[in-house]
Amino acid sequence: MTELLCGDDPEPSDPFPAGPLFVPVRPGPAGCAARVFRTPLGDRTAVGFTSARGPAAVLGTGQPWIRLAEPALRALTAPLGVTAVTVDPAFSAPVPRQLPSWDAEAALTPAEGTAR
């Protein structure tokens, strides 16, 4: 089997550094912690933006951020089992609204006019 060189591989296995990123954080008692998000398939990912407008555009104007290099973001989230970094995500899905609870007992009762 021949080994592909990075130049021949359309998706190299080594992550390519994205450079300095604006990383969304959440403040805590010990300082700031990088926020971890989920991809559409449910995998955990760290997120970084290439401009200061990115976090505000996607997550809202009140979203705090810090400036981190992409390798530093990977090193920070690796102990959490997060290996993916998403750069400049297009959008963030809103939190789903609370749906009314489903009454399982009522759903299992026969409809009117039917025999039990």
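1. The buried residues of helix α2 pack against β1 (20–28), β2 (31–34), β4 (44–48), β5 (65–69) and β6 (84–87). Contact here means heavy atoms within 4.5 Å. Buried means under 20% relative accessible area, exposed over 50%, partly exposed in between (1.4 Å probe, protein chains only). Helices (H or I, at least four residues) and strands (E, at least two) are DSSP runs, numbered from the N terminus.

2. This is a predicted model: local features need pLDDT of at least 70, side-chain atom pairs count only at pLDDT 80 or more, and totals for chains, interfaces and linings use all residues. Residues are numbered from 1 along each chain as its sequence is written, and side-chain values use heavy atoms, with hydrogens and water left out.

3. Helix α2 spans residues 70–77, and its buried residues are Glu 70, Leu 73 and Thr 77. Down the axis of α2 they fall within an arc of 55 degrees, so they line one face of the helix. The arc is taken from the directions from the helix axis to the C-beta atoms.

4. Leu 73 also belongs to the largest nonpolar core, which has 8 residues, including Leu 21, Val 23 and Leu 68. Such a core is a set of buried Ala, Val, Leu, Ile, Met, Phe, Trp, Tyr and Cys residues joined through side-chain atoms within 4.5 Å. Leu 68 touches Leu 21, Val 23 and Leu 73, among others, not counting residues up to four places away in sequence.

5. The count comes to 1 aromatic pair. The ring centres of Phe 22 and Trp 65 are 4.6 Å apart and the planes stand at 80 degrees, so the pair is edge-to-face. Rings of Phe, Tyr and Trp (its six-membered ring) pair if their centres lie within 6.5 Å; planes under 30 degrees apart count as stacked, over 60 as edge-to-face and the rest as tilted. Phe 22 is buried at 9%; Trp 65 is partly exposed at 37%.
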